[in-house]
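Here is a walk through one protein model. Keep the structure open as you read.

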Amino acid sequence: MFISKIHHAAIICSDYHVSKEFYVNTLGLPIISETYRADRESYKLDLKVGESQIELFSFPDPPARPSYPEARGLRHLAFSVSSIDRAITSLSAKGIQVEPVRIDPLTGKRFTFFADPDGLPIELYED
């Protein structure tokens with residue numbers, strides 16, 4: 001088996017319309033497709049992130065994330081950016097609180113975190 005890339009990451013949100021607004025308009029991710037599945041009372045929104053995708057799902061009454069951020073399982077979602085300063089300026093102008101920039105001690109690269117509407121930690125990592 002040879003894995004060549006990450007195809008997608010799936011996120012279940014508590015409020016579909018709020019999360020759609022955040023990922024599409026705040027983060028600027030283009031919509032690939034949007035589907036409403038009546039049998040599940042669920043939306044599925046496919047968003048383009050470079051060569052990968054995010055699948056944004058809604059379900060009736062999903063349980064909350066167990067803890068922040070150290071629960072077992074997926075810890076956070078990370079996006080590469082060419083300029084962390086420009087990304088922070090853009091997010092701050094949209095009312096998104098961003099943590100102070102840190103330096104990765106292993107790579108020397110700058111990174112920071114912010115949260116989506118459900119508190120999912122999102123990392124910006126400067127390439």
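A residue counts as exposed when its relative accessible area is over 50%, and as buried when that area is under 20%; anything in between is partly exposed. Keep in mind that this is a predicted model.

Start with aspartate 61. This residue is found in the loop between E4 and E5. Its relative accessibility is 75%, so aspartate 61 counts as exposed. Its backbone also deserves a look. Phi of aspartate 61 is near 50°, a positive value in a residue other than glycine.

Glutamate 41 sits in the loop between E2 and E3. Its phi, too, is positive and near 50°, and glutamate 41 is not a glycine. At 53% relative accessibility, it passes the 50% cut-off and therefore counts as exposed.

Now look at the strands around that loop. Strand E2 covers residues 31-37 and strand E3 covers residues 42-49. The two pair in the antiparallel sense, over six bridges. Isoleucine 31 stands opposite leucine 47 in E3. Four residues lie between the strands of this hairpin, and glutamate 41 is where the positive phi occurs.

Strands of a sheet pair through backbone hydrogen bonds, either parallel or antiparallel. This sheet has four strands, in the order E5-E8-E7-E6, and its pairing is mixed. Which strands stand at the edges? They are E5 and strand E6 (102-103). Each has a single partner strand, so one side of each is left without a neighbour in the sheet. E5 and E8 run parallel and are joined by five bridges. Within this pair, alanine 78 stands opposite glutamate 123 in E8.

Strand E1 (8-13), strand E4 (52-58) and strand E5 (77-81) each supply at least two lining residues. E5 gives the largest share, with four. What classes of residue make up the lining? Eight are nonpolar and five are polar, with no charged residues.

Isoleucine 11 shows how the chain comes together here. Leaving aside neighbours within four places in sequence, isoleucine 11 is in contact with Tyr23, Ile54, Glu55, Leu56, Phe57, Leu77, Asp116 and Leu120.

Finish with glutamine 53, in strand E4. Is glutamine 53 buried, exposed or partly exposed? Its relative accessible area is 21%; buried means under 20%, so glutamine 53 is partly exposed. Not counting residues up to four places away in sequence, glutamine 53 touches His7, His8, Ala9, Ile32, Asp46 and Leu47. Glutamine 53 and serine 4 are 49 residues apart in sequence, yet their C-alpha atoms are 14 Å apart in space.

Key:
Residues numbered from 1 in each chain as written. Predicted model: local features only at pLDDT ≥ 70, side-chain atom pairs only at ≥ 80, totals over all residues. Heavy atoms only, no water. Pairing = 2+ DSSP bridges. Nonpolar A, V, L, I, M, F, W, Y, C, P; charged D, E, K, R; others polar. Contact = heavy atoms within 4.5 Å. Buried < 20%, exposed > 50% of the residue type's maximum accessible area, 1.4 Å probe, protein only.
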